[in-house]
Amino acid sequence: MRNVEGMIRTYIAENMLFSDNGYPHSDSASFLEEGIVDSMGILELMMFVEENFNITVEDEEVVPDNFDSVSRLAAYIRSKSPVAASAA
Amino acid sequence: MMLVQEFLENSADRTPDKVGLICDGHRLTYAEIEAQANRLANGLTAFGLERGERVALYLPNSVELVIGIFGALKAGGVFVVVNHSTKYRKLAYILNNCQASALVASGRKADWAERLSKVVESLKATVLAPQSPEKSQDSLSFEAIQEHYSSERPHKINIDRDLAGLIYTSGSTGDPKGVMSDHSNVAFAASAIIEYLENRENDIVINVLPLSFDYGLYQLLMVFKFGGTLVLEKGFNYPAAILKRMEGEQVTGFPGVPTIFAVLLQMDLSRYDLSSLRYLTNTAAALPPSHITQLGEKFPWATLYSMYGLTETKRTLYLPPDQLDQRPGSVGIAIPGTEVWIEDGEGCRLGPGQVGELVVRGRHVMRGYWGDPEATAARYRSGPIAGERVCYTGDLFRMDEEGFMYFVSRKDDIIKSRGEKVAPKEVENVLYGLKGIREAAVIGIPDPILGQAIKAFVVTDGTELSEADVLAHCRANLEDLMMPRYVAFCQELPKTSSGKIKKTGLK
C-alpha cells in the first residue's frame with residue numbers, strides 16, 4: 001500500500017482542489033480553516049476513506065480530531081486499519 | 001422604537017452575568033459581549049467611522065464576527081457580513097458596491113485585506129481579527145482595540161429608520177445585491193419570529209448557518225433580543241460533533257435547511273440524548289414530505305416549523321405546527337402582524353387554487369437594494385396605501401381554501417442549493433472568464449442532499465480544457481455553495497430564434 005498521507009493529498013488535490021501542482025498545503029493545515037475542503041467535502045472524504053482503506057467510518061468518528069488535516073486523517077486511518085498502519 | 005444594538009444592550013442590562021454566546025470554546029456573558037462591542041465601536045469611531053457608513057465583516061462564524069456586527073451598530077454604522085468563502089474578486093466588488101468605510105477581516109486573509117485597502121477607496125480602516133503573524137503596517141488589530149478603547153457604551157446617534165445592515169444576495173443579473181434593512185425592519189421581523197416560535201429566555205439555540213445568510217444572522221439577533229443563549233458553530237461540516245454539542249449544551253432550538261436535515265436523517269441519532277430539543281425550524285427550501293415524517297419519528301418531543309422567506313422581507317410565511325400533519329406540503333400563513341396575497345400578472349388578487357406571484361405587506365418589507373433603484377422598483381412596488389411599498393417575491397404560489405400557502409416555483413431561473421440562492425448568471429459569468437470557453441449555461445438539477453446541484457454546460461473554442469480545468473477556475477472564483485457539481489462539454493448549446501441560449505432542453 002502506498003503512503004497514506006500521499007494518497008490523501010492526491011485525492012484532495014485531484015478531486016477538491018482540481019490542482020495540477022499537487023497539494024499545496026502542509027500536512028497539518030486545517031481543511032476547514034484554510035478553506036481546503038468545504039462542508040460537503042467532508043462527506044466525500046468519509047467515502048474516500050471507506051472505499052480505499054476498507055474500513056467503516058462511524059458517524060461519531062467524523063470529527064475535527066480525525067478529519068481536519070492530512071496528518072490527522074492519516075493517523076485516524078492507521079488506527080482503524082492494520083494494513084495502513086504497516087504501510088506507514 | 002428599538003435599535004438592533006439594543007437587543008444586546010437590554011440583555012446586558014437585564015442579565016449581565018448570563019452566558020449569551022458559546023463559540024470556539026469561549027463562553028461569553030452578555031456583559032462581556034457588551035463591553036467588547038463597545039470597545040470596537042469606540043475604536044471604529046476613533047478611526048473616523050460616521051453615522052450610516054458601512055462596516056464590512058469578512059470573518060467565519062466567530063466571537064469576533066458577533067462583536068463586529070454589534071460594534072458596527074453601536075458606532076452608528078451599517079454591518080455587511082460577507083460569506084467567508086467569498087473569493088477576492090467578489091469581495092472587492094461588494095466592498096466597492098457598498099462603499100465600505102471599514103473592513104474587519106480574519107488575519108488569515110491579511111494579504112487580501114492589504115490589497116483591498118488599495119483598491120477600495122472608501123476604506124478608512126482595516127481591522128484584522130486575529131492579527132496576522134506577519135504584522136501589516138496598514139491594518140489595526142482587533143486585540144489591540146480591545147485593549148486600548150473604552151468599554152463605555154457609546155451615545156446613540158441613530159433612529160430606527162437608519163439602516164442596520166446590508167445583506168448581499170445572489171441577483172439574477174449575476175451581480176450580488178445588498179438588501180437594505182433598517183433598524184425597524186429587523187426589530188419587527190425578529191419580534192414576529194420570536195412570537196410564533198414562542199422563544200423564551202431559557203432557550204439555547206445552536207446555529208450552524210453562516211451569519212452572512214439572513215437565516216443564520218437572525219438566530220444571533222433573535223437570541224440576543226429574547227435574552228437566550230446562542231451556540232455558534234462554524235458550520236455543519238462535522239454532524240456528529242454538532243450532535244454532541246447539542247447534547248452537551250442542552251440545546252432547545254435547531255434551525256436547519258433541507259440539506260442539513262437530509263444528512264441528519266442518514267445518521268444513527270439514538271446515540272445522542274437530544275431530549276432537550278424543543279423545536280426544529282426549516283426554511284430556504286421545502287422539506288420533502290417523507291423527511292417531515294421521519295423528523296417527526298426521530299424527534300417526537302420536538303416541534304417542527306416549516307417556513308418560507310426571502311432576504312427582501314426576511315421571513316414571510318410559517319406553518320403553525322398543529323397544521324403539519326394535515327398540510328405537510330404547505331409553508332403556511334403570513335407571519336404575525338403581516339399579510340400576503342397572490343396576484344396574477346395584471347395585479348388582480350387570485351383565489352384558492354389559482355397560481356400567481358406572492359406579494360408581501362408589512363413592516364418586514366425591507367428598504368430596497370443598495371445603489372440599485374431599478375432592481376428596487378421591480379421588487380418593491382406601491383401598496384394599497386399611498387406611499388407604502390409591498391414586496392413582489394418573484395415566487396409563484398397557490399393557496400388552499402383555508403388560506404394556507406403552497407410554493408409552486410420561481411418566476412426566474414435562480415437555483416436553490418443547500419438552501420441558498422445561486423444565480424446561474426453569476427456562475428456563467430465566472431465560466432466565461434476562463435480562456436477557451438465560448439458558451440456556458442448553468443442549471444440546477446435535483447439532488448437528494450443539496451436540493452439542487454449545479455450543472456454547467458460549456459462549449460469551448462477548440463482549446464483543450466478538462467473538467468478539472470473548469471472546476472479549478474470555478475473554485476478560484478466562486479463561493480463553495482456556487483461550485484458546479486457536474487460539467488458537461490457540448491459541441492453547441494440550444495438557442496432561441498433570437499440566438500439566446502435556451503436552457504429548457506438542458507438537463
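How many helices and strands are there in chain B? Select chain B: there are 14 helices and 26 strands, where helices are DSSP runs of H or I with at least four residues, strands are E runs of at least two, and both are numbered from the N terminus. The radius of gyration of chain B, 23 Å, is close to the 23 Å from the globule rule for 507 residues, so chain B is as compact as a globular protein of that length. That radius is taken over C-alpha atoms, and the rule is 2.2 Å times the number of residues to the power 0.38.

The model is predicted: local features need pLDDT of at least 70, side-chain atom pairs count only at pLDDT 80 or more, and totals for chains, interfaces and linings use all residues. Residues are numbered from 1 along each chain as its sequence is written, chains are lettered from A and ligands numbered from 1 in the order in which they are written, and side-chain values use heavy atoms, without hydrogens and water.

Show the C-alpha trace of chain B next; along its principal axes it spans about 65 × 55 × 55 Å. Of the 507 residues, 62% count as buried (under 20% relative accessible area, with a 1.4 Å probe and protein chains only).

Now select residues 183-197 of chain B, which form helix H7. Its 15 residues reach 21 Å from first C-alpha to last, close to the 21 Å expected at 1.5 Å a residue (1.5 Å times one less than the number of residues). H7(B) is mostly covered, with 13 of its 15 residues buried.

Note on methods: Buried < 20%, exposed > 50% of the residue type's maximum accessible area, 1.4 Å probe, protein only.
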